Amino acid sequence: MEKSHRQRPNPSSSSSTQFRSQKFRSNPTTKDGKFTKNNSPNAREDFVKPRRASQQTQQHVDDSSNLPVLLGTCPFMCPVAERTQRERLRDLAVFERVDGNPRKTSSDLAVKKFCRTISIRDMPTSDLRPLPVLEDTLDYLLSFLDSSEHPFEVVHDFIFDRTRSIRQDLSMQNIDNEKAIYMYEKMVRFHVRSLHKLRSCTNENISSVHYLNMEQLTKALTTLFNLYDINRSSESINENEAEFCSFYVLLHLGSNSQPTGESLSLWFRQVPIPIIKSKEMGFARRILRFFRMGNYKRFLLTTAAEASFLQYCIIEPYIIEVRALALSCINNGGYKLHPYPLTHLSKLLMMKVNCSLSNRTNNLHTEERTIKSHSMTY
């Protein structure tokens, strides 16, 4: 159960007209699809894009009259009954096992799993974790993010499932305060960082993992926007709201990408003017414009100079595409009988040159990005 979503202010429509031109096609990172809300008592983690206030108010009244108000009492990261059952079934992740034993865990290791088929009416409060426990659980999960003991696919699978369970518990208890916003921001950052980390994985099923990660990223981001609106007072905005709105814009870099099934131009009409004018949103809009215009030079220079690490994680797959476009333009527009200077090409594409004298071949290798204070250098 979720609270109603208040309609955002309607800024000038001119802010969205500059994104209409598309110079070249791109493979979208996600499939188009709308997320519809489940009005049954099932507490599934399904989220909906913003609707008009009158529709939301009526829906909220209908939902509130039929569903009980729950307040979790479970003091552990995983309810005792679930922990006992999973020990018996050997259903323990590697991070939950005591001394590697698949039949043994503890209250300090086990974390509640996500359950898709679950009813709010039949949910005992002893199986729901209150907000302080959920906060501690999330911090515990995110501590594994930089672990090198296991492959990232294993780490991601564990955090991915358990954070969905956290979102489910928040939704069931209708927790929508500032602390919930802070938790959702952390979970969105996890999914964004995973976009970058999953690209270096070689597992044969990594494409499906990447798709599921993107799917949950868009769902968590949509709910985060709802929470921002619910907690908005007057014309004030949350201190991190502009950053997360820029993520949403950058997810539309692919010409056919509509992560939530909503037109980006329509979405811009609901965004408060202070966010439209923010530094983060200005960067995202310029990057989107350069990409769709095919302005590879400005795209690469702006990314290198202004992108934060998390913004770069979203932009990263399109850098290769932009470089390919640059090579195509140079090849078609240059004098082919005259060799193009490799050093100039490397500067234009912002790549390092590695010259091998032994076989007299030249190779371009993508420069390693170093992250300092959430900024990118080339």
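This report describes how side chains pair and pack in a predicted model.

Residues are numbered from 1 along each chain as its sequence is written, and side-chain values use heavy atoms, with hydrogens and water left out. Because the model is predicted, local features need pLDDT of at least 70 and side-chain atom pairs count only at pLDDT 80 or more, while totals for chains, interfaces and linings use all residues.

## Salt bridges

Side chains of opposite charge can pair when their charged atoms come close. A salt bridge is defined as a side-chain nitrogen of Lys or Arg within 4 Å of a carboxyl oxygen of Asp or Glu.

| Glutamate 96 | Arginine 86 | 2.4 Å |

Helices, here and below, are DSSP runs (H or I, at least four residues) numbered from the N terminus. Aspartate 169 is buried at 0% relative accessibility, and lysine 112 is buried at 5%.

Glutamate 316 lies in helix H12 and arginine 199 in the loop between helix H5 (178-198) and H6, so this pair connects parts that are 117 residues apart in sequence. Glutamate 316 is buried, with a relative accessible area of 18%, whereas arginine 199 is partly exposed, with 30%.

Both glutamate 96 and arginine 86 are buried. These two residues also belong to a network of salt bridges that links Glu82, Arg86, Glu96, Asp161 and Arg162.

## Aromatic rings

A pair of aromatic rings is described by the distance of the centres and the angle of the planes. Rings of Phe, Tyr and Trp (its six-membered ring) pair if their centres lie within 6.5 Å; planes under 30 degrees apart count as stacked, over 60 as edge-to-face and the rest as tilted. The structure holds twelve aromatic pairs. The ring centres of tyrosine 140 and phenylalanine 144 are 5.1 Å apart and their planes stand at 90 degrees, so this pair is edge-to-face.

Phenylalanine 291 and tyrosine 318 are also edge-to-face, because their ring centres are 5.3 Å apart and their planes stand at 80 degrees. Phenylalanine 291 is in helix H10 (residues 279-293) and tyrosine 318 in helix H12 (residues 309-333), so the pair ties together parts that are 27 residues apart in sequence. Phenylalanine 291 is buried at 2% relative accessible area, and tyrosine 318 is buried at 4%. Elsewhere, ring pairs join Phe225, Tyr228, Tyr248, Trp267 and Phe268 into a cluster.

## Nonpolar cores

In soluble globular proteins, nonpolar side chains tend to be buried together. A nonpolar core is a set of buried Ala, Val, Leu, Ile, Met, Phe, Trp, Tyr and Cys residues joined through side-chain atoms within 4.5 Å. The largest core has 81 residues, of which Leu170, Val188, Leu221, Trp267 and Phe299 touch the most other members. Helix H12 gives the most to this core, with eleven residues. A second, separate core of six residues includes Leu70, Ile120, Leu128 and Met172.

How values were computed
Helices (H or I, at least four residues) and strands (E, at least two) are DSSP runs, numbered from the N terminus. Buried means under 20% relative accessible area, exposed over 50%, partly exposed in between (1.4 Å probe, protein chains only).
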